[in-house]
Amino acid sequence: MLMKPKPSSKFSILFTFLILLSFLIVVVRSSDVSVEGKESGSEEELDDLEQLLAVDEQLQEERPEQQSEAETVSKAQRIVVELNGDNTKRLIDGNEYVMVLGYAPWCARSAELMPRFAEAATDLKEIGSSVLMAKIDGERYSKVASQLGIKGFPTLLLFVNGTSQSYTGGFSSEEIVIWVQKKTGVPTIKLDTVDKASGFLKKHHTYIVGLFEKSEASSGYDEFVKAASLDNEIQFVETSSSDVAKLLFPNLKTNNVFVGLVKTEAEKYTAYGKLLDDGSLQAEKILEFLNSNKFPLVTKLTESNTVRVYASPVKLQVMVFSKSDDFGSLAQPLEDIARKFISKLMLIYIDISNENLAMPFLTLFGIEDAKKTVVAAFDNNLNSKFLLESDPSPSNIEEFCFGLAHGTVSPYYKSQPIPDNQNASVVAVVGRTFDEVVLKSSENVLLEVHTPWCINCEALSKQVEKLSKHFQGFENLVFARIDASANEHPKLTVDDYPTILLYKAGEKENPLKLSTKSSAKEMAVLINKELKSKDPSAKDEL
């Protein structure tokens, strides 16, 4: 088994930054806005709202076949109370639970979220939730929005007895409903009849079901409810009816205590298999089961699930970058591979043509211009990355996954092609030649570490060129430079640019860092001081 080298802090910081950057670019798409301005508007009364909804319901009863989609949307939007300068404090203080959407008319992300928010409001009303769903134009009522804690658009906040907490759920109407229900004291849905279960299945496709024949008195029931309250994403369903349980989980093979996860993707039905010897359940074990199985066998990375995927407890993540047409032939083989490594690694598909999603990851490998299928992996526990450098065939991908799961694949480090350094006064070093030129060389090596975007690197490069000419003829000293943006090595850990490192012969493990603020003459004096005991030809006069 190959030992994995210790990762550099540079990779850890850069990887986390790129993850957050991709999330902010494609998910938020909104700027933090200063909410200052002038307020106006009239108060929306709750009794007026109820009267309007009553009219809607009466009309629907009279002509249900004529209920148009536009009317449905209009009704849903009226369920959401419009906050303004007059009613905000009264409504938030006067209701135990208030869910507030802060939006701006010009914000594209707000426009996408508002109909989902309205649909969630309708669903919550239908199931008898006590939460008041409200929205506020943060640009028009900027002072009130600022007082609520709305600093950008869109923003979702839940107020519980006047105290706010940030929304941490997904952005579909179903995900909003699940999160709100759990945060307002309803962690599970109870289904006691087949009719109710059939109605539930019309709206929910992903859920975890618990069968407890004696309901609250059943062993493990409290732990199931506890797990439901701790999870914010998946709908938990409880029942004491085996008929209901079999409708929700057709593969059910018991009438006793049972827990199972249902998804829409492959491996649709997954039974929880960690009942203790006494038949009881533990909340933390249920959550472990859920977190390891809630994603599809192959998860497609999207704008809305990036953070959830990165936060998965399965930290070894294999990413397949491919065009949608090319991915079609890989989809089924990848699912077969994923089944063999469930809970050990996570397979993720990223459309390589979606630059916002793919580019931050491909940049880490130095293959931003990749057009064909690329298979890479990240170990988010060790902050290491890996690359399948052979043909991405199903057999090679499976072998790659096997090596990752067993720790036999070496981490990948970026490298430019090996350069031609003939007659160069300053040798160009790349990732592939770092060992040979710097670490394994019997000579002293002064290494300049730079990047193209570094504003001070060009001036320092001129000094290094000057020093290399000054020390020409000093046989035991090599001047070299490496572009850290395109080359990596596990032994090169640099956090700022430019950096000058002196690797003394026989002491390569502990290079001496020189001040980049020193003049060429000061550097020459220091080099001479460090090396003259080994070579009397050293000189410090420039």
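Modeller: In this predicted model, helices α13 and α15 are roughly parallel to each other, because their angle of about 25° falls within the class of angles under 35 degrees. Their axes lie 10 Å apart. Helix α13 comprises residues 324-340, and helix α15 comprises residues 394-405. The crossing in which α13 passes α15 is right-handed. On the side of α13, the contact is formed by Leu330, Pro333, Leu334, Ile337 and Lys340; α15 contributes Pro394, Ile397, Glu398 and Cys401. Sorted by class, this contact of α13 with α15 holds 7 nonpolar residues and 2 charged residues, with no polar ones.

The sheet may now be described. Its 5 strands form an open arrangement in the order β1-β3-β2-β4-β5, and the pairing is mixed. At the edges stand β1 (81-82) and β5 (163-166), each of which pairs on one side only. The partner of β1 is examined next. Strand β3, residues 132-137, pairs with β1 in the parallel sense, over 2 bridges. Within this pairing, Val81 is placed opposite Ala134 of β3.

Helix α5, residues 108-126, lies across β2 (97-103), β3 and β4 (155-160). Relative to β2, helix α5 runs at about 160°.

Key
Residues numbered from 1 in each chain as written. Predicted model: local features only at pLDDT ≥ 70, side-chain atom pairs only at ≥ 80, totals over all residues. Heavy atoms only, no water. Pairing = 2+ DSSP bridges. Helix = DSSP H or I, 4+ residues; strand = E, 2+ residues; numbered from the N terminus. Contact = heavy atoms within 4.5 Å. Axes fitted to C-alpha atoms, helices over the stretch in contact; angles between N-to-C directions. Parallel < 35°, antiparallel > 145°, perpendicular 65-115°, else oblique. Left-handed = near helix turned anticlockwise from the far one by under 90°. Nonpolar A, V, L, I, M, F, W, Y, C, P; charged D, E, K, R; others polar.
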